[in-house]
Amino acid sequence: MKPYAQLTPSERAGEYAGLKAEWDALKAQGRQLNMARGKPGKQQLDLVSGIFGLMQNPGDYVSGGLDVRNYGEMNGLPAARRLFADILGCKPEQVFAGGSSSLQLMYDTIAKAYTHGLLHSPRPWCKEEAVKWLCPAPGYDRHFRVTETFGFELITIPMTDEGPDMDAVEKAVQDPAVKGIWCVPKYSNPEGIIYSEQTIRRLAALSPAAPDFLIMWDNAYCVHEFEGDYVPFPDILSICAEAGRPDMVFEFASTSKITLPGAGVACFACSEDNMAHMEKLLAPQVISFDKVNQQRHVLYLKDKAHTLELMKKHAAVMGPKFRSVVDTLDKEIAPLGIASWRRPKGGYFVSFDAMPGTAKRTLALCKEAGVTMTSAGATFPYGKDPKDSNIRIAPSLPPVEELEQAMTVFCVCVKMAALEKLGV
């Protein structure tokens with residue numbers, strides 16, 4: 001196949017006619033295929049269904065002398081806090097174990113900063129004339145939506161191969177209205193980038209003008225390799241403490257893609273001083289989260305080593321799906337010179353950059369042909385991709401055979417959109 005830019009007008013017209021006929025045939029099949037969200041597939045959910053058979057005897061509901069069925073332990077079952085500390089590499093006293101959703105904990109942290117202020121806030125953020133927030137992009141749409149909901153001004157920070165563009169970050173934080181930054185440091189959503197140690201240390205060494213500047217460190221994919229061995233990752237809490245800024249970061253994680261997305265356990269981790277501040281704010285709101293579920297996860301996951309063994313089983317399911325996506329793109333799209341994409345070794349997404357000006361058209365064609373994907377622009381603040389290029393591919397939910405069908409449709413649509421942009 002020749003690169004599309006090298007085709008003559010008549011060759012482009014002929015190529016487009018053939019693709020249009022193929023697209024019409026695919027559309028006529030009436031399939032409904034979904035690659036919109038990073039949901040674990042049924043095979044992964046079945047893999048961990050044994051978690052429900054663990055707590056059969058009264059003694060199973062006692063942990064360290066605590067009856068997990070009763071009130072108490074607002075900041076989580078001590079055994080659950082130890083489990084997360086083991087996985088994240090921090091101290092148990094720095095961990096707050098909550099309910100099933102890390103996004104809920106993130107929202108609540110921002111909400112408390114807005115209504116009451118953080119530990120070093122001169123005033124609640126709702127009393128500020130303006131609040132600005134740094135958003136590395138392409139990034140996670142739900143992060144952006146949280147800060148947009150509170151009326152913050154979202155500032156796009158370009159992503160590099162090592163994480164956020166730190167020159168841009170260091171310049172932006174000189175504005176006292178800039179209160180924080182979103183970070184997905186390992187297998188970033190959607191690009192699958194692992195922040196370099198230099199980037200992490202530059203983040204920890206920031207000297208923001210705002211005394212309550214906050215790094216929201218969403219370590220969602222901390223143990224989520226699907227190719228190769230587990231990649232150890234530095235503890236952001238200790239690095240910030242070494243840099244003299246122990247209170248500048250809140251870290252978040254969950255078991256959503258380890259056990260059950262709808263019934264897992266989430267946590268945040270922070271300095272002990274931040275924990276004391278948050279406990280005061282949480283006390284009127286929370287008596288305790290679901291300690292029965294926390295105990296269930298402690299019994300099932302046991303420790304980091306056992307958790308990593310489980311993640312190898314997830315990798316055996318996920319790996320073939322991601323290879324199917326990348327292999328299809330390499331075969332169908334690479335020779336045409338119309339797009340680029342990353343080859344992650346973990347996480348839940350493949351970041352695809354179509355020819356500028358074609359992402360929305362590509363996804364509109366996909367939708368007509370029965371393939372649902374994350375909206376174009378979703379990976380940028382306010383849902384506006386300035387290049388109309390980035391598309392997030394989520395391979396995890398469909399079985400491999402359905403994924404292959406969806407990728408066939410996707411590649412046809414990418415080609416059609418590119419030819420339309422070139423002129424047919």
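# A tour of rings, salt bridges and a pocket

Select Y107, Y114, W125, W133, F150, F152 and W182: ring pairs link these residues into a cluster. The model on screen is a predicted one. Its aromatic pairs number 18.

**Stop 1**

Keep Y114 and F150 in view. Their ring centres lie 5.2 Å apart with 55° between the planes, and the pair is tilted. Is each one buried or exposed? Y114 is partly exposed, at 27% relative accessible area. F150 has 16% relative accessibility and so counts as buried, the cut-off being under 20%.

Now select W125 and W133. Here the centres are 6.0 Å apart and the planes stand at 55°, so this pair is tilted. Both W125 and W133 are buried.

**Stop 2: the largest pocket**

Go next to G38, Y140, R142, S256 and K257. Of the 23 residues that line the largest pocket, these lie nearest its centre. The space in this pocket comes to about 570 Å³. Helix α4 (residues 102-115) gives the largest share of the lining, three residues. By type, the lining divides into nine nonpolar, eight polar and six charged residues.

K257 lies over the face of Y348, 5.2 Å from the ring centre.

**Stop 3: salt bridges**

How many salt bridges does the structure hold? There are 24.

- E191 is in the loop between β8 (178-183) and α7 (197-204), and R342 is in the loop between β12 (339-341) and β13 (350-354), 151 residues apart. E191 counts as buried at 7% relative accessibility, whereas R342 is partly exposed at 27%.
- E242 and R201: the closest N and O atoms are 3.5 Å apart. E242 lies in helix α8 (residues 236-242) and R201 in helix α7, so the bridge ties together parts 41 residues apart in sequence. E242 is exposed, with 59% relative accessible area, and R201 is partly exposed, with 37%.
- R361 and E420: their side chains meet at 2.8 Å, N to O. Because R361 lies in helix α12 (residues 359-368) and E420 in helix α13 (residues 400-422), the pair ties together parts 59 residues apart in sequence.

Finish with R37, D141, R145 and R392, which salt bridges link into a network.

Terms used:
Residues are numbered from 1 along each chain as its sequence is written. This is a predicted model: local features need pLDDT of at least 70, side-chain atom pairs count only at pLDDT 80 or more; totals for chains, interfaces and linings use all residues. Side-chain values use heavy atoms; hydrogens and water are left out. On a 1 Å grid over the protein atoms alone, a cavity is a set of points where a 1.4 Å probe fits but cannot get out, and a pocket is an open set with protein on both sides within 12 Å along at least five of seven lines; lining residues have an atom within 4 Å of a point. Grid points are joined across faces, edges and corners, and a volume is the space filled by probe spheres set on the points. Helices (H or I, at least four residues) and strands (E, at least two) are DSSP runs, numbered from the N terminus. Ala, Val, Leu, Ile, Met, Phe, Trp, Tyr, Cys and Pro count as nonpolar, Asp, Glu, Lys and Arg as charged, and the others, Gly among them, as polar. Rings of Phe, Tyr and Trp (its six-membered ring) pair if their centres lie within 6.5 Å; planes under 30 degrees apart count as stacked, over 60 as edge-to-face and the rest as tilted. Buried means under 20% relative accessible area, exposed over 50%, partly exposed in between (1.4 Å probe, protein chains only). A charge sits over a ring if NZ of Lys or CZ of Arg is within 6 Å of the ring centre and within 35 degrees of the ring normal. A salt bridge is a side-chain nitrogen of Lys or Arg within 4 Å of a carboxyl oxygen of Asp or Glu.
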